[in-house]
Amino acid sequence: METRIIKIDQINPDIKKIKIAANIIKRGGLVAFPTETVYGLGANTLNSEAVFKIFKVKNRPADNPLINHIADKEWIYKLAEKVPEEAIILAEAFWPGPLTMIFKKRKIVPDVVTAGLKTTAIRMPKNKIALNLIKYSQCPIAAPSANLSGKPSPTTADHVIHDLYKKIECIIDGGKTNIGVESTVIDLTVHPPLLLRPGGVTYEMLRDFIDIKLHPSAEAMIKFDKKPESPGMKYRHYAPKADLILVEGEIDNIIKKIQEICEENRGKKIGIIATEETKEFYGNNVRIIGSRKDIRTVAVNLFRILRDFDNEGVDLIVSEGFSTRGLGLAVMNRLRKAAKTVIRA
Ligand code: TXA
Ligand code: MG
């Protein structure tokens with residue numbers, strides 16, 4: 001299949017170009033598009049056949065449901081059966097933005113979107129290309145992250161091209177995404193609401209508005225033995241080809257431990273994920289993920305660095321850990337899920 005690549009400025013998007021992509025969605029095709037978090041792979045939510053293709057090209061397990069992306073709050077009421085008061089408060093506070101809310105679904109939402117569940121996920125992304133694409137497609141857009149299943153989510157159009165070129169009709173190149181980790185997923189069908197996946201909107205930010213509980217999987221500390229609330233939780237995620245060792249703890253201990261690991265694995269091609277503050281403590285092939293003084297700089301580079309190490313063909317990736325405060329929880333959730341081994345230094 002030919003894949004059309006359309007370059008669009010995310011600050012000042014050319015509506016004519018967006019309409020080309022919207023027409024592809026309308027005709028039942030797939031379009032990869034930027035959001036503020038990561039790139040999404042979109043289809044018309046209401047077209048089961050189109051949505052089915054998303055699962056096929058990503059090689060996504062059929063029991064992992066998709067998020068409906070909307071550009072107008074009115075669509076909540078068309079897709080969701082019960083809209084609790086908390087949803088209105090959170091939509092007011094955080095939409096458009098990196099927050100996905102789960103509701104009881106209405107019949108109009110096809111089973112393929114929800115993977116057969118009675119609930120469905122909705123979010124309004126904060127990106128002018130995404131919002132206009134939804135608006136001109138005249139339907140909600142069902143979209144997972146635009147990566148092959150199990151791989152790190154794409155934060156540039158090049159990442160999408162790497163995974164999906166010639167498999168989908170269109171890729172919109174809207175530059176780098178500005179958050180770098182996916183949206184926060186919160187289940188509003190239970191009381192108190194449950195944070196299932198930490199993301200761009202932090203636990204602390206949500207707690208300023210509503211009473212909310214943290215699902216154990218959000219911290220990704222342990223493997224679960226019980227049935228996961230969100231089917232997506234049970235799959236290995238964000239996994240680079242090389243094994244990843246994550247070292248958590250006090251920063252001085254982390255540095256010492258990583259130096260030891262490098263010593264033990266001499267002869268292997270090692271990639272180290274370090275920070276501005278710690279880069280000089282290790283040998284070569286260090287990637288600076290960001291600064292410990294601002295976790296947002298870490299989040300925005302995380303998936304790109306995992307992909308870069310894959311492309312370089314390193315044998316082993318060793319990463320420093322971070323505090324789980326604020327956006328740090330989302331970063332550590334992704335690192336722990338990507339890691340083969342987590343060490344407490
Ligand atoms: O930032 C994001 O959320 C990006 C952009 C493209 O919007 N999308 C994204 O989609 O990360 P995806 O499919 O990679 O992750 C969606 C998560 C999965 O963990 C899925 O299991 C969960 O949301 N989810 C979707 N519908 C659900 C439902 N009804 N109940 C529980 N979890 C649900
Ligand atoms: Mg994903």
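Biologist: Is asparagine 68 buried or exposed?
Modeller: Asparagine 68 is buried, with a relative accessible area of 0%, where buried means under 20%, exposed over 50% and partly exposed in between, worked out with a 1.4 Å probe on protein chains only. This is a predicted model, in which local features need pLDDT of at least 70 and side-chain atom pairs count only at pLDDT 80 or more, while totals for chains, interfaces and linings use all residues. Residues are numbered from 1 along each chain as its sequence is written, chains are lettered from A and ligands numbered from 1 in the order in which they are written, and side-chain values use heavy atoms, with hydrogens and water left out.

Biologist: Where does asparagine 68 lie, and which residues is it in contact with?
Modeller: Asparagine 68 is part of strand 4, residues 67-69, and here helices (H or I, at least four residues) and strands (E, at least two) are DSSP runs numbered from the N terminus. Once neighbours within four places in sequence are set aside, the contacts of asparagine 68 are Thr45, Leu79, Val109, Val113, Thr120, Ala121, Ile122, Arg123, Ile141 and Ala142, with contact meaning heavy atoms within 4.5 Å.

Biologist: And glycine 42, is that buried or exposed?
Modeller: Glycine 42 is buried at a relative accessible area of 0%, and its place is in strand 3, which covers residues 40-44. With neighbours within four places in sequence left out, glycine 42 has contacts that include Ile141 and Ala142, and both of these residues are also in contact with asparagine 68.

Biologist: What domains is it divided into?
Modeller: There are domain 1 (4-219) and domain 2 (243-344), with bounds that come from an automatic or database domain assignment. The contact between them takes 27 residues from domain 1 and 17 residues from domain 2, while their C-alpha centres lie 28 Å apart.

Biologist: How many cavities does a search of the whole structure find?
Modeller: The search finds one cavity of 30 Å³ or more, a cavity being a set of points on a 1 Å grid over the protein atoms alone where a 1.4 Å probe fits but cannot get out. The largest cavity has a volume of about 50 Å³, and that volume is the space filled by probe spheres set on the points, which are joined across faces, edges and corners.

Biologist: Which residues line that cavity?
Modeller: The lining consists of Thr155, Thr156, Lys176, Thr177, Val300, Asn301 and Arg304, lining residues being those with an atom within 4 Å of a point. They divide into one nonpolar, four polar and two charged, where Ala, Val, Leu, Ile, Met, Phe, Trp, Tyr, Cys and Pro count as nonpolar, Asp, Glu, Lys and Arg as charged, and the others, Gly among them, as polar. Each of domain 1 and domain 2 supplies at least three residues of this lining.

Biologist: What about phi of asparagine 285?
Modeller: Asparagine 285 has a positive phi near 55° although it is a residue other than glycine, and it is found in the loop between strand 13 (270-274) and strand 14 (286-288). Most residues other than glycine have a negative phi. At 24% relative accessibility, asparagine 285 counts as partly exposed.

Terms used
1 Å grid on protein atoms, 1.4 Å probe; cavity = no way out; pocket = protein on both sides within 12 Å on 5 of 7 lines; lining within 4 Å.
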